Amino acid sequence: MGTVGTGVARLLVEQQQRVAQRAGCRVELARVVVRDRTRPREVLLPAGVVTDDLSAVTQDREIRVVAHLVGGLEPARSIMLRLLEAGKDVVTANKALLAEHGPELFDRARELGRSIAFDAAVAGGIPIVTNIAQCLAANQILSLHGILNGTSNFILTQMEEQQTAYEEALREAQRRGYAEADPSLDVNGTDAAQKLAILAQLAFGARVPWQQVAREGIDQVTLADIRFAHELGYRIRLIAQGRLSASGLELRVAPMLVRMGGPMADVRDAYNAISVVGDAVGRIFYHGLGAGQMPTASAVVADMIDMVVGRMPITFRTLKLWDQPDGAQALCPPEHQYRRFYMRLDVVDRPGVLAEIAGVLGRHTISIASVIQHEQQGDGPVVPLVIMTHRASERNMERALVEIRRLAVVQSPGVCLRVLE
Ligand code: HSE
């Protein structure tokens with residue numbers, strides 16, 4: 001009964017009639033398993049439902065569906081296995097658990113004839129899992145990209161709009177219940193990479209361990225970059241992207257420059273958004289709250305209703321998630337991943353510096369699209385230099401950066417960000 005569990009209990013208790021109508025039968029909140037029974041709760045629960053003993057659920061044959069709202073890997077994994085083995089269908093919001101142990105848990109559920117539903121695990125209130133798995137079933141998904149971490153988006157928005165310091169914005173995100181128990185998982189891209197690995201399984205049939213998703217967080221983004229991006233007509237957002245090409249599948253989480261004027265750049269605060277391209281449907285854009293109590297509870301209770309109605313077990317059986325052998329989908333090598341780049345360097349302000357840097361980029365066949373260097377007030381020896389490139393391969397950019405960072409005129413490692421296309 002943490003943040004999300006409280007929201008789920010609230011919907012089941014306070015909207016019992018609505019849930020019964022949608023489920024086609026009365027759905028009763030039979031048990032709430034907590035660590036500490038004495039702690040006061042925000043929802044008025046029916047008498048006698050609170051217990052600290054999981055076997056009160058596993059041994060009760062009348063309980064069919066369990067909302068598994070336990071964070072982390074253990075004991076979350078063991079609890080899910082116990083529930084499945086006790087014959088329960090399970091709805092979970094735990095993306096880390098699915099990203100880490102999805103193959104094992106889904107295999108076990110299949111063996112036992114049980115189902116696992118997890119729309120709440122990715123993008124909270126946005127029904128992206130159901131959409132990709134069911135509504136877009138006629139399509140080959142060609143690409144998807146999105147903002148999948150509300151905490152990072154909240155921090156970036158606060159920094160951009162209020163000039164709030166990074167730490168202060170993070171504290172506010174924690175206070176509002178968006179952040180993970182360990183918020184470094186939000187800001188270093190882990191949370192978004194785990195969600196992307198789950199979406200990649202659904203959209204591309206790719207059984208890619210989340211650790212293989214190329215990953216950078218927002219910790220390297222500074223106010224200076226946010227301002228330069230603005231000047232160039234972009235906002236910085238933490239983007240999770242999966243795209244198919246003839247060379248394979250590219251999966252990446254990184255802070256990227258997103259052009260203003262498009263819907264992705266307008267995603268503010270803890271909102272999530274996902275843009276999906278299917279070969280039949282074209283581009284679809286989803287937007288909504290990806291974290292927080294009631295948006296996530298909305299997804300959990302919808303999955304519980306789908307279990308009761310019997311839709312979810314059918315989908316679960318036909319989807320065969322994480323059923324393919326490892327490596328079914330080849331990953332695209334960096335030399336075939338093309339995109340534009342933004343680079344900010346602190347350089348010595350003297351003749352020949354720009355030519356030196358441009359020379360390195362040219363030797364790696366990287367073409368410059370624009371350059372910003374502002375006149376300094378006074379005669380500072382070091383100035384920020386911003387370069388936007390045309391499309392270049394990840395491999396070439398990586399090699400060029402190594403050389404540029406070694407130049408004596410370059411005074412700090414600087415920042416290199418990708419541009420979302
Ligand atoms: N910590 C996540 C976020 C919410 O900030 O988006 C749960 O997935």
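Start by selecting Ser143, Gln241, Arg243, Leu244 and Glu250: of the 17 residues lining the second largest pocket, these lie nearest its centre. Keep in mind that this is a predicted model.

**Stop 1: the second largest pocket**

Stay with this pocket. The space in it is about 230 Å³. Now colour three strands: E6 (141-147), E8 (234-245) and E9 (248-259). Each of them supplies at least two residues of the pocket's lining. Then colour the lining by residue type. You will find five nonpolar, seven polar and five charged residues.

**Stop 2: the largest cavity**

How many cavities of 30 Å³ or more does a search of the whole structure find? One. Its space is about 110 Å³. To get there, select Phe118, Val129, Met312, Thr315 and Leu319. These lie nearest the cavity's centre, out of 15 lining residues. Next, show strand E5 (116-117), helix H6 (128-135) and helix H13 (311-319). Each gives the cavity lining at least two residues. By type, the lining holds 10 nonpolar, three polar and two charged residues.

Why does the largest cavity lie between domain 1 (3-117 + 314-319) and domain 2 (128-289)? Because both domains give residues to its lining.

**Stop 3: the largest nonpolar core**

Select Phe106, Phe118, Ile128, Leu144 and Leu257. In the largest nonpolar core, which has 78 residues, these touch the most other members. In soluble globular proteins, nonpolar side chains tend to be buried together.

Zoom in on Phe106. Set aside its neighbours within four places in sequence. Phe106 is then in contact with Leu98, Ile116, Phe118, Phe316, Leu321 and Trp322.

Another core, of 28 residues, lies apart from the largest one. Select Ala9, Leu11, Val27 and Leu29, which are among its members.

**Stop 4: Gln376**

Finish at Gln376. It sits in the loop between strand E13 (368-372) and strand E14 (382-389). Not counting residues up to four places away in sequence, Gln376 touches Val382, Val383 and Pro384. Last, draw a line from Gln376 to Val419. They are 43 residues apart along the chain, and their C-alpha atoms are separated by 27 Å.

Definitions and conventions
Residues are numbered from 1 along each chain as its sequence is written. This is a predicted model: local features need pLDDT of at least 70, side-chain atom pairs count only at pLDDT 80 or more; totals for chains, interfaces and linings use all residues. Side-chain values use heavy atoms; hydrogens and water are left out. A nonpolar core is a set of buried Ala, Val, Leu, Ile, Met, Phe, Trp, Tyr and Cys residues joined through side-chain atoms within 4.5 Å. Buried means under 20% relative accessible area, exposed over 50%, partly exposed in between (1.4 Å probe, protein chains only). Contact means heavy atoms within 4.5 Å. On a 1 Å grid over the protein atoms alone, a cavity is a set of points where a 1.4 Å probe fits but cannot get out, and a pocket is an open set with protein on both sides within 12 Å along at least five of seven lines; lining residues have an atom within 4 Å of a point. Grid points are joined across faces, edges and corners, and a volume is the space filled by probe spheres set on the points. Helices (H or I, at least four residues) and strands (E, at least two) are DSSP runs, numbered from the N terminus. Ala, Val, Leu, Ile, Met, Phe, Trp, Tyr, Cys and Pro count as nonpolar, Asp, Glu, Lys and Arg as charged, and the others, Gly among them, as polar. Domain bounds come from an automatic or database domain assignment.
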